[in-house]
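Here is a short briefing on backbone geometry. Look at the loops as you read.

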Amino acid sequence: MLQDLILLFLVCTISKVSCSDMEVFATSESGGILPCHWLSSKAWQHKYTKTYVRWEKNQNGVSSTVLWTKNNGIIMMGNALSRRALINEPHFKDGDFSMRIKPMLPEDAGVYTCTVQLGVFQKQCRVKLHVMQVTSSQDSPVLENDSVRLTCDLTDEIDLGTVAWYHKGSRIYSTTPRCTLQRDGRELTVRNLTVHDSGTWKCELKHKNKTAMATHDLHILGFSNSTVQTHSIYAGVGSVAMLPCTLNMKPEGIQGRFYTGWSHKGESDTVAEEILLTNSRAVLEQAGKGERSHLVFQADGSENLTLTISPMREADRGIYTCFVEIGGKRIEKSIRLAVLTIVSSGMGMMREGATIQLTCGSSELSGGERFEWHQLDPTNTSQSRKTYWGQTLVLPAVSGTEAGKWVCTVYQDGIEVGHVEYDLKVAESLYGTRANDSPWKTTFGVIAALLILLLLALLAAFLRQRKRREQRFPALESSRNAAISAMKKVFGEKSVEERKDEECL
């Protein structure tokens, strides 16, 4: 009985009271919670098991119902916020009648009233909702080298204490290069955008000891570092030339007219000519004059825009420009394609022991290139047998082991920008020692040749000696022939030599 009297006193004390007005800052990406709390008591809830809750939005003197609960606990939705508002009925036992709105829209800002009724007792709370967001002057992605204006917007004008901007944890000041702050810091302009400006930009404001923040994800479309570092590509006629061009991200979600492609300006051309391009549907189109079947451009909508030329022709030299165009704005990167040649001091097949000079060069060298020579291993073309540095390779006494493929590789700023091959032929390699012969095979061949020459020399000496003897002693030869005739009469038709042969048998 005493407990019921105390409970009755508490309820009567707080009946029909209103909370002081509260202010809530919310963002569209995170949503917001409008608080509404009343005294929690299990004894109270046991006596008043049925709770009535009603949320209304007041705008321009007109109230519209957001949601309410019936006596059976069913939550009914109004038309003010469609189905984006939610209250958690199990939390009623803890005295929590707050409403959550997600996603939050700018038009959700305004004054809301929460009415809670337990039997004949009632309580009201008023909440003023401010919706905060960061808007951009351009849709993402924004092209690099362009400018963008970010605005920290509130649905109503209030006196802000301070407004601060942050990017990647660093605060942006009016003295920050490429940045300008206007409208008491609410507006931030960033010029000459780079791919490093991509990421989350945060606006933070302070109002009446409260801190609120909103963010915006900014995407900058540009070329990756691998493309920027390369300015020239060198390739030999008949080889494969690859012109690198890679974006820092896939060109997705782009609104309006969008193209990627390549243009070419030859040595005798006055203007560049578009040769290949893709539209927003990643459809490859041929452009310009001439036959372009040896140009390969992947039109798959990816970030890789590399152009492959196979085989390389003399007429393909010139300046190639990789470009991206969005809504009439364009970014581009130019690469010079030059023909790389090897000039030899000897023509055709070289004689073993001769001196040969191989010079690697091009008519369009900038002067900062480095040259590397290496001989390919014929048994494994991925490995090199010998390596030399310098534009000119000198072989003072060329041998069969140096016959085969030699590759000249060109570097700029430590990056390979092209290579060309030269097939060195040595006469000796056709008969004996090839670059891939082992030493024991070479030694055996030399010994066999010497033995054959020795036998031939002995046979020749023997024949010369016999002929000389016959010329010096003709009488002795006549006596020999007479003796052979006499013996034929004694022994028959067989000669003495034949007799001797039979006796030996």
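N192 sits in the loop between β16 and β17 (199-207). Strands here are DSSP runs of E with at least two residues, numbered from the N terminus. The model is predicted: local features need pLDDT of at least 70, side-chain atom pairs count only at pLDDT 80 or more, and totals for chains, interfaces and linings use all residues. Residues are numbered from 1 along each chain as its sequence is written, and side-chain values use heavy atoms, with hydrogens and water left out.

- N192 is not a glycine, yet its phi is positive, at about 50°.
- N192 is partly exposed, with a relative accessible area of 47%. The classes are buried (under 20% relative accessible area), exposed (over 50%) and partly exposed in between, using a 1.4 Å probe and protein chains only.
- D184 is not a glycine either. Its phi is positive, at about 55°.
- D184 belongs to the loop between β15 (179-182) and β16 (187-190).
- D184 counts as exposed, at 76% relative accessibility.

**Cis peptide bonds**
- K102 and P103 are linked by a cis peptide bond, with omega near -5°.
- P103 lies in the loop between β8 (99-101) and β9 (110-118).
- The peptide bond between S140 and P141 is cis, with omega about 0°.
- P141 falls in the loop between β10 (121-136) and β11 (142-143).

Note on methods. Helix = DSSP H or I, 4+ residues; strand = E, 2+ residues; numbered from the N terminus.
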